[in-house]
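Thank you all for making the time this morning. I would like to walk you through one model, and I will give the cut-offs as the terms come up.

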Amino acid sequence: MPLLFKKIKDLRNYLKSIRCDKKEIGFVPTMGYLHEGHRALIRMARNQNDVVVVSIFVNPTQFGEGEDYDRYPRDLERDLAICEEEGVDVVFAPEVSEIYPRGYRTKVCVGELGKRLEGEFRPGHFDGVATVVVKLFNIVQPHRAYFGEKDYQQLKIIEQVVEDLNIPVEIVPVPIVREKDGLACSSRNVYLSPEERESALSLYKSFLLAEKMIKAGERDAERIKEAIKTFIQKHPHVKGIDYVEITDENLNPKKTVEKGDRILLAVRVGNTRLIDNWKVEI
Ligand code: AMP
């Protein structure tokens with residue numbers, strides 16, 4: 001079983017001895033309800049470090065009013081079993097009051113990049129993410145930290161924060177893990193009924209459609225985005241598309257599509273909001 005810590009002080013004490021032994025620490029921050037995507041991050045961390053720390057914390061400050069903070073799936077026992085299977089050394093699962101004690105005030109503001117795409121539909125979301133991640137970096141002080149490309153904008157923002165604030169950690173991106181049928185693994189997939197899940201597959205299928213258009217010579221981003229929207233909207237449980245964007249690898253919008261660009265989208269299926277993205281390989 002991994003060692004379980006709930007208090008910052010205890011975790012810090014333990015990790016101090018690890019650092020004294022000159023061991024390298026790999027860190028995987030998560031909100032728990034672990035799946036194959038998280039496992040991929042943990043495995044990469046396991047391969048590259050002496051000690052692997054996984055945090056499990058559903059961070060209230062990154063959820064907006066009316067979002068799914070209360071109903072977000074939680075199961076620490078199950079998560080611990082998965083961490084054990086993956087050879088995790090340490091799990092940090094603090095209470096909200098441990099991370100945000102009474103009188104807590106300071107916030108990390110990520111600026112313009114946090115206001116576009118996801119940020120337009122989830123105001124304040126990335127400030128909440130950046131704040132908790134910086135706190136966790138200060139608590140764990142890892143050599144490397146692992147972030148999934150599933151949350152591509154989050155990954156880019158964390159890279160920026162680490163550079164801007166001179167945080168001594170290496171950010172390691174991990175490619176998206178998908179279910180057999182192509183649906184990107186997500187803790188939120190448990191919200192989907194079987195019928196909704198079928199409609200949710202349209203996200204992945206729309207990437208295949210885009211890839212086919214691009215292979216056939218289409219380079220106009222507008223036309224590709226329109227084709228994606230039209231395709232997704234045809235599916236019965238799709239309640240709305242928040243955005244479909246094509247950007248370069250640094251999230252700058254593109255008019256003409258090239259190899260290495262990203263297609264990013266957010267779609268509401270039933271009551272579930274799903275995000276996904278795709279790297280263009282021509
Ligand atoms: P979460 O628990 O959803 O906050 O995710 C924790 C970390 O796992 C983040 O860095 C996510 O990008 C990453 N992650 C979540 N789902 C996937 C996936 N399907 N493939 C790769 N990484 C993922």
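Let me begin with a definition: buried means under 20% relative accessible area, exposed means over 50%, and partly exposed is what lies in between, with a 1.4 Å probe and protein chains only. Helices (H or I, at least four residues) and strands (E, at least two) are DSSP runs, numbered from the N terminus. This is a predicted model, in which local features need pLDDT of at least 70 and side-chain atom pairs count only at pLDDT 80 or more, while totals for chains, interfaces and linings use all residues. Residues are numbered from 1 along each chain as its sequence is written, and side-chain values use heavy atoms, with hydrogens and water left out.

Let me start with the strands. In strand β7 (residues 238–247), 8 of the 10 residues are buried, so this strand is largely enclosed by the rest of the structure. Strand β7 pairs with strand β8 (residues 262–269) in the antiparallel sense over 8 bridges, where two strands are said to pair if DSSP finds at least two bridges between them. Within that pairing, Ile 246 has Ile 263 of β8 as its bridge partner.

Strand β2 is also largely enclosed by the rest of the structure, because 6 of its 6 residues are buried. On one side of β2 we find Ile 25, Phe 27 and Pro 29, and on the other Gly 26, Val 28 and Thr 30, all of them buried, so that both faces are covered. Strand β2 runs parallel to strand β3 (residues 51–56), and 6 bridges join the two; Val 28, for instance, has Val 54 of β3 as its bridge partner.

Now to the ligand. Which residues come nearest to the ligand? Of the 17 residues around it, they are Met 31, His 38, Asp 151, Val 177 and Cys 185, where near means that one of the residue's heavy atoms lies within 4 Å. His 38 places a polar side-chain atom 2.9 Å from an oxygen atom of the ligand. On the backbone side, a polar atom of Val 177 is 2.9 Å from a nitrogen atom of the ligand, and a polar backbone atom of Cys 185 is 2.8 Å from a ligand nitrogen atom. Of the 490 Å² of accessible area that the ligand has on its own, the protein covers 92%; these areas come from the Shrake-Rupley method with a 1.4 Å probe. Two or more residues of the shell come from each of β2 (25–30), α2 and β5 (144–148), and α2 gives the most, with 3 residues.

Let me turn to charged pairs. A salt bridge here is a side-chain nitrogen of Lys or Arg within 4 Å of a carboxyl oxygen of Asp or Glu, and by this rule the count comes to 27. One of them joins the side chains of Arg 39 and Glu 86, at 2.7 Å from N to O. Arg 39 lies in helix α2 (residues 36–48) and Glu 86 in the loop between α3 (76–85) and β4 (90–92), so the pair ties together parts that are 47 residues apart in sequence. Arg 39 is buried at 13% relative accessible area, and Glu 86 is buried at 10%.

Another salt bridge links Asp 276 and Arg 178, whose closest N and O atoms are 2.9 Å apart. Since Asp 276 lies in strand β9 (residues 272–279) and Arg 178 in the loop between β6 (170–174) and α8 (194–215), the pair ties together parts that are 98 residues apart in sequence. Here Asp 276 is buried, at 4%, whereas Arg 178 is partly exposed, at 22%.

The side chains of Lys 254 and Glu 258 also form a salt bridge, at 2.6 Å from N to O. Lys 254 is buried, at 18%, while Glu 258 is partly exposed, at 47%. Shared partners also join salt bridges into a network, which takes in Glu 36, Arg 39, Arg 43, Glu 85 and Glu 86.

I will close with two backbone details. Lys 22, in the loop between α1 (8–20) and β2, has a positive phi, near 60°, and is exposed, at 73%. Gln 141, in the loop between α6 (125–140) and β5, also has a positive phi, near 50°, and is partly exposed, at 41%. As background, most residues other than glycine have a negative phi.

Key. Polar contact = N/O pair within 3.5 Å; in protein donor to acceptor, adjacent residues only side chain to side chain.
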